[in-house]
Amino acid sequence: MKTIRLLIAYDGTTFHGWQIQPNTPTIQGEIEYCLSIIHNRHITLHGAGRTDAGVHANGMVAHFHSEKTMDPGAFKAGLNSMLPESIRILQASEESPSFHARFSVTSKTYVYSIYNGEILLPQKRLYTVHIRKQLDFDTMKQCLKELVGTHDFASFETAGSRDPLFPSRKGSTRTIHEAYICEIGGDFHSFTFTGDGFLRHMVRNIVGTVLEVGLGSRTVDDFKAALTARKRSAAGPTSPARGLTLERIVY
């Protein structure tokens, strides 16, 4: 049996997230269906994590086991010929048997896109969140600096974050290597977060809270207090899924 690693990009707009669900279109479900046609039997696809409904990816990684003698490039071509255009296999490669898309991860990078201008172009609406009121970017940058390092992120963890089948000694503690926001032109801005792992809705909950600071309804000190409170009720709302993209995974 060979271990085949896939690098996957997708537009999550019409899918109910990564993880397979009965009678519901998901990214994992679509790819597993195509793999099962190729193998003439059920194939289980192991992803690096789970993205929620409406979240996008440019760098999701997954693996599966195959007895086929096909070259990895043939898997890429075959899958892309069957998958909807909203899912593309960017790369396929053979890995050692010890590789695991989920448990071999050392870091992940997420990008969250916002537009802080008057009118958002229609073609950007599915990938960008429109914030019409003027934001204070200096105070938001101060908040993001507080995230770098190892912290208990329970305040930004949505219930059901941790899979009970895979208990973690880390609990809600994660290490963030980078957290910053930058202008990418024409009132478009992007938050970037790189860390050793993320809890369910963690990035979206952080962004929702930071945006409250940018809008003046919270202070930087309020944000610090929310981080250390270790309870979800201390933080702000969950920002919309459409602004979030899984950008890169490092092994």
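I take contact to mean heavy atoms within 4.5 Å, and I keep in mind throughout that this model is predicted.

**Entry: Ile8 and the core**

I began with Ile8 and listed what it touches, not counting residues up to four places away in sequence: Trp18, Ile31, Ala57, Asn58, Gly59, Met60, Ala62, Ile87, Arg88 and Ile89. I then looked up the largest nonpolar core, which has 64 residues, and found Ile8 among those that touch the most other members, together with Leu6, Ile31, Ile114, Phe191 and Phe193. The largest share of this core comes from H4, which supplies seven residues. I note as background that nonpolar side chains tend to be buried together in soluble globular proteins.

**Entry: helices H3 and H4**

Helix H3 covers residues 137-147 and helix H4 covers residues 202-214, and I read an angle of about 145° between them, with their axes 8 Å apart. I recorded the crossing of H3 and H4 as right-handed. On the H3 side I found Thr139, Met140, Cys143, Leu144 and Leu147, which meet Ile206, Val210, Leu211, Val213 and Gly214 in H4. Sorted by kind, the residues of this contact are eight nonpolar and two polar, with no charged ones.

**Entry: cysteines**

How many disulfides does the structure hold? I counted zero disulfides. Cys143 is in no disulfide, and the nearest cysteine sulfur, that of Cys182, lies 17 Å away. I put Cys143 down as buried because its relative accessible area is 0%, under the 20% cut-off.

**Entry: Ser190**

Is Ser190 buried or exposed? I found Ser190 in strand S9, residues 188-195, and I count Ser190 as buried because its relative accessibility is 7%. Leaving aside neighbours within four places in sequence, I listed the contacts of Ser190 as Val111, Tyr112, Ser113, Tyr180, Ile181, Cys182 and Ile184.

**Entry: two asparagines with positive phi**

Asn23 has a positive phi, near 60°, and sits in the loop between strand S1 (2-10) and helix H1 (27-39). With a relative accessible area of 85%, Asn23 is exposed. Asn40, which is not a glycine either, has a positive phi of about 60°, and I placed Asn40 in the loop between H1 and strand S2 (46-47).

Conventions:
Residues are numbered from 1 along each chain as its sequence is written. This is a predicted model: local features need pLDDT of at least 70, side-chain atom pairs count only at pLDDT 80 or more; totals for chains, interfaces and linings use all residues. Side-chain values use heavy atoms; hydrogens and water are left out. Axes are lines fitted to C-alpha atoms, for helices over the stretch in contact, and angles run from 0 to 180 degrees between N-to-C directions. Helices (H or I, at least four residues) and strands (E, at least two) are DSSP runs, numbered from the N terminus. A crossing is left-handed if the near helix is turned anticlockwise from the far one by less than a right angle, and right-handed if clockwise. Ala, Val, Leu, Ile, Met, Phe, Trp, Tyr, Cys and Pro count as nonpolar, Asp, Glu, Lys and Arg as charged, and the others, Gly among them, as polar. A nonpolar core is a set of buried Ala, Val, Leu, Ile, Met, Phe, Trp, Tyr and Cys residues joined through side-chain atoms within 4.5 Å. Buried means under 20% relative accessible area, exposed over 50%, partly exposed in between (1.4 Å probe, protein chains only). A disulfide is a pair of cysteine sulfur atoms within 2.5 Å.
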